[in-house]
Amino acid sequence: MLERIGIALTLLAILGRCWCALYIAGRKKTDLVTIGPYSLCRNPLYLFSCIGALGIGLFSGSMLVAAAFGLLVALVFIRVARLEEAHLAQRFGPAYLRYQHNTPRWWPGGSWRDLPICTARPSLLLITLRDGCLLYLLWPVFAAMGMAREAGWLPVLAVLP
């Protein structure tokens, strides 16, 4: 059951990251992106990455491993987001400060804003999709480790919930 939830969360993360890439790919260093998923929260890419980390942790079949992996990735992105916010405030000034004031950092809660037409870069979207799908390579690794432990080929070092 935990593995299936992990697969679903990882798929959600991949699709979410692709959705974000449609809006920000190729524009991140030049524009302040405040539309699409970036109108709901300031760090949707990082949020979806944390969801994916939780999903990958669930591949192990352990809630404890999933929580630890999700928390570790979240702590990294919290730090990265703070550094990025300082850079964006310096680069975009009052426009970023308004965006920061009106849009939650992590959990979606802003109001949806979009443009009638959004220019996307398909090659960057495909790179995001490819990179996300590579996460699924960890699933057979965890499954093989579980089978190896059951067969007695790998020792059980600790039993986690």
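Mentor: Happy to. Buried means under 20% relative accessible area, exposed means over 50%, and partly exposed is in between, with a 1.4 Å probe and protein chains only. Keep in mind that this is a predicted model, where local features need pLDDT of at least 70 and side-chain atom pairs count only at pLDDT 80 or more, while totals for chains, interfaces and linings use all residues. Residues are numbered from 1 along each chain as its sequence is written, and side-chain values use heavy atoms, with hydrogens and water left out.

Trainee: Got it. So is N43 buried or exposed?

Mentor: N43 counts as buried because its relative accessibility is 4%. You'll find N43 in the loop between α2 (37-40) and α3; helices here are DSSP runs of H or I with at least four residues, strands are runs of E with at least two, and both are numbered from the N terminus.

Trainee: And what is N43 in contact with, away from its sequence neighbours?

Mentor: Setting aside residues within four places in sequence, N43 contacts A81, E84, E85, R105 and W106. A contact is heavy atoms within 4.5 Å.

Trainee: Which residue makes a salt bridge with E85?

Mentor: R105 does: the two side chains meet at 2.9 Å, N to O. The pair ties together distant parts of the chain, with E85 in helix α4 and R105 in the loop between α5 and α6, 20 residues apart. For the record, a salt bridge is a side-chain nitrogen of Lys or Arg within 4 Å of a carboxyl oxygen of Asp or Glu. R42 joins E85 and R105 in a network of such bridges.

Trainee: Where do those two partners sit in terms of accessibility?

Mentor: E85 counts as buried because its relative accessibility is 9%, whereas R105, at 27%, is partly exposed.

Trainee: How many salt bridges does the whole structure hold?

Mentor: The search finds 4. Among them is D31 with R27, at 3.3 Å from N to O. D31 is partly exposed at 32%, and R27 is partly exposed at 22%. Another is D131 with R130, at 2.8 Å.

Trainee: Switching topic: what about the largest nonpolar core?

Mentor: That core has 21 residues, and V33, Y38 and L45 have the most contacts inside it. The elements giving two or more residues to this core are α1 (2-24), α3 (44-58), α4 (63-92) and α5 (94-102), and α3 supplies the largest share with 7 residues. By definition, a nonpolar core is a set of buried Ala, Val, Leu, Ile, Met, Phe, Trp, Tyr and Cys residues joined through side-chain atoms within 4.5 Å.

Trainee: What does L45 touch?

Mentor: Not counting residues up to four places away in sequence, L45 touches R17, C20, I24 and Y38.

Trainee: I see cysteines there. How many disulfides does the structure hold?

Mentor: The structure has 0, where a disulfide is a pair of cysteine sulfur atoms within 2.5 Å. For C20, the nearest cysteine sulfur belongs to C41 and is 7.4 Å away. C20 counts as buried because its relative accessibility is 0%.

Trainee: And which residues does W112 touch?

Mentor: Leaving out residues up to four places away in sequence, W112 touches W19, Y23, G36, P37, S39 and L40. W112 lies in the loop between α5 and α6 (122-133) and is partly exposed at 44%. Its C-alpha is 9.6 Å from that of C41, though the two residues are 71 apart in sequence.

Trainee: Last one: which residues make the nonpolar surface patch of about 320 Å²?

Mentor: F69, L72, V76 and V80 make that patch. Patches use residues with over 30% relative accessible area and no salt bridge, joining like charges within 9 Å and nonpolar side chains (Val, Leu, Ile, Met, Phe, Trp, Tyr) within 5 Å. V80 is in helix α4 and is partly exposed at 31%.

Notes
Areas by Shrake-Rupley, 256 points an atom, 1.4 Å probe, with all protein chains shown as cover.
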